[in-house]
Amino acid sequence: MSTLADWQAQARLARHRGQAVAYWQGGNWSDSTLPALLLIHGFPTASWDWHRLWPSLGRRFRVLAVDLLGFGFSAKPRRYDYSITDQADVLQTVATTLAVPRWHLLAHDYGDTVAQELLARDQERAGGALALDSVCLLNGGLFPETHRATPVQKLLHSPLGPVVGRLMNEARFKRSFARVFGAHTQPSADELQDYWALVAAGEGGAGIAHLLIRYIGERRRQRARWVGALSQAPCPVRLICGASDPVSGAHMARRYQALIPNSDVVLLPEIGHYPQCEAPDQVLAAFAAFQDGLDRGRR
């Protein structure tokens, strides 16, 4: 997709708890021999984050990307109990309609935590759980003790959150958002405009950010479950991490290596919090090498 408008025009719609969920399919879905790949985006953006990887991924996989509820072009109701566990239900709802028995995951940021919940369900063989063949994670708050929230995130998670969300405007968003990128991989003015358009879209727009940010507390409460899901993952897991990310960079990768047995980590020097946008070729190469290793193991 060449522009955000083109991307939006290609969206399909599903429904979850009465709310519209936007999703996209890439690759050749008529070829059932191709593996299926589910992309899970982060906070506060949406599935457009994957657009630089989209054509390449579609040559190897049947690809599914979903704007989680409250994000991008999905519904953003002002009264809704947003949670990581409900977002996992959203993905199960959409994936189930496609009748695909097994999935690979590629996730980022908030999406990492949703992936951890899906991993936990897969281990439990919970009803409706997605069967997972692999999980690849980009920068994200895998461990609450290593998540260094931005000043805006801290304010959104405080009692001032509703006010901060209402006062958020394009200029404030762009200044705050650019700080999580690497010094040499800053987003362009046009890219920042697209990111803001994703946040501002829909009924709730940026005004529901204080509801979405509750995931910070949810991560703390569910730490044992979600870190345990990584430690006991029944499928291969790789972490691809932008080392210069101030939120979940090299310090998070070190924690991952300390806690996760036989950890598989690829560090990307000088790359910030959005490696799929800042260094798409490096991410594609690391992800392809991961998948190539899985293919060799199956032979």
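**Helix H3**

I started with helix H3 (residues 84-97): its 14 residues should span 20 Å at 1.5 Å a residue, and the end C-alpha atoms lie 21 Å apart, which agrees. The expected span here is 1.5 Å times one less than the number of residues. Helices (H or I, at least four residues) and strands (E, at least two) are DSSP runs, numbered from the N terminus. I was working on a predicted model, where local features need pLDDT of at least 70, side-chain atom pairs count only at pLDDT 80 or more, and totals for chains, interfaces and linings use all residues. Residues are numbered from 1 along each chain as its sequence is written, and side-chain values use heavy atoms, with hydrogens and water left out.

I then listed the buried residues of H3, which include Ile84, Ala88, Leu91 and Ala95. Buried means under 20% relative accessible area, exposed over 50%, and partly exposed in between (1.4 Å probe, protein chains only). An α-helix has 3.6 residues a turn, so residues three or four places apart point the same way. After H3 comes Ala99, with a positive phi near 55°.

**The sheet**

I traced an open sheet of eight strands with mixed pairing, in the order E1-E2-E4-E3-E5-E6-E7-E8. Strand E1 (12-16) and strand E8 (265-268) are at the edges; each has a single partner strand, so one side of each is left without a neighbour in the sheet. From one strand to the next, the twist averages 25°. Two strands pair if DSSP finds at least two bridges between them.

I checked the E1 end. E1 and E2 pair antiparallel over five bridges, with Ala14 opposite Val21 in E2. They form a hairpin with two residues between them, and Arg17 in the turn has a positive phi of about 50°. Strand E2 (residues 19-26) has six of its eight residues buried, so it is largely enclosed by the rest of the structure. E2 also runs antiparallel to strand E4 (residues 62-66), joined by four bridges. Tyr23 stands opposite Val66 in E4.

Further along, strand E6 (residues 131-137) and strand E7 (residues 237-242) run parallel, joined by three bridges. Val135 faces Val237 in E7.

**Helices on the sheet**

Helix H4 (residues 110-124) packs on the sheet and touches strand E3 (36-40), strand E5 (102-107) and E6; its direction makes about 150° with that of E6. Contact means heavy atoms within 4.5 Å. Axes are lines fitted to C-alpha atoms, for helices over the stretch in contact, and angles run from 0 to 180 degrees between N-to-C directions. I found 13 of the 15 residues of H4 buried. Arg125 follows H4 and has a positive phi, near 55°.

H12 lies across E7 and E8, at about 155° to E7. I looked up Leu259, in helix H12 (residues 250-259). At 30% relative accessibility, Leu259 counts as partly exposed. Leaving out residues up to four places away in sequence, Leu259 touches Phe143, Glu145, Arg223 and Ser231. Leu259 and Ser231 are 28 residues apart in sequence, yet 7.4 Å apart in space, C-alpha to C-alpha.

**Cavities**

A cavity is a set of points on a 1 Å grid over the protein atoms alone, where a 1.4 Å probe fits but cannot get out; lining residues have an atom within 4 Å of a point. Grid points are joined across faces, edges and corners, and a volume is the space filled by probe spheres set on the points. The largest cavity holds about 360 Å³. Of its 26 lining residues, Phe43, Pro44, Gln153, Phe173 and Phe177 are the closest to its centre.

Terms used:
1 Å grid on protein atoms, 1.4 Å probe; cavity = no way out; pocket = protein on both sides within 12 Å on 5 of 7 lines; lining within 4 Å.
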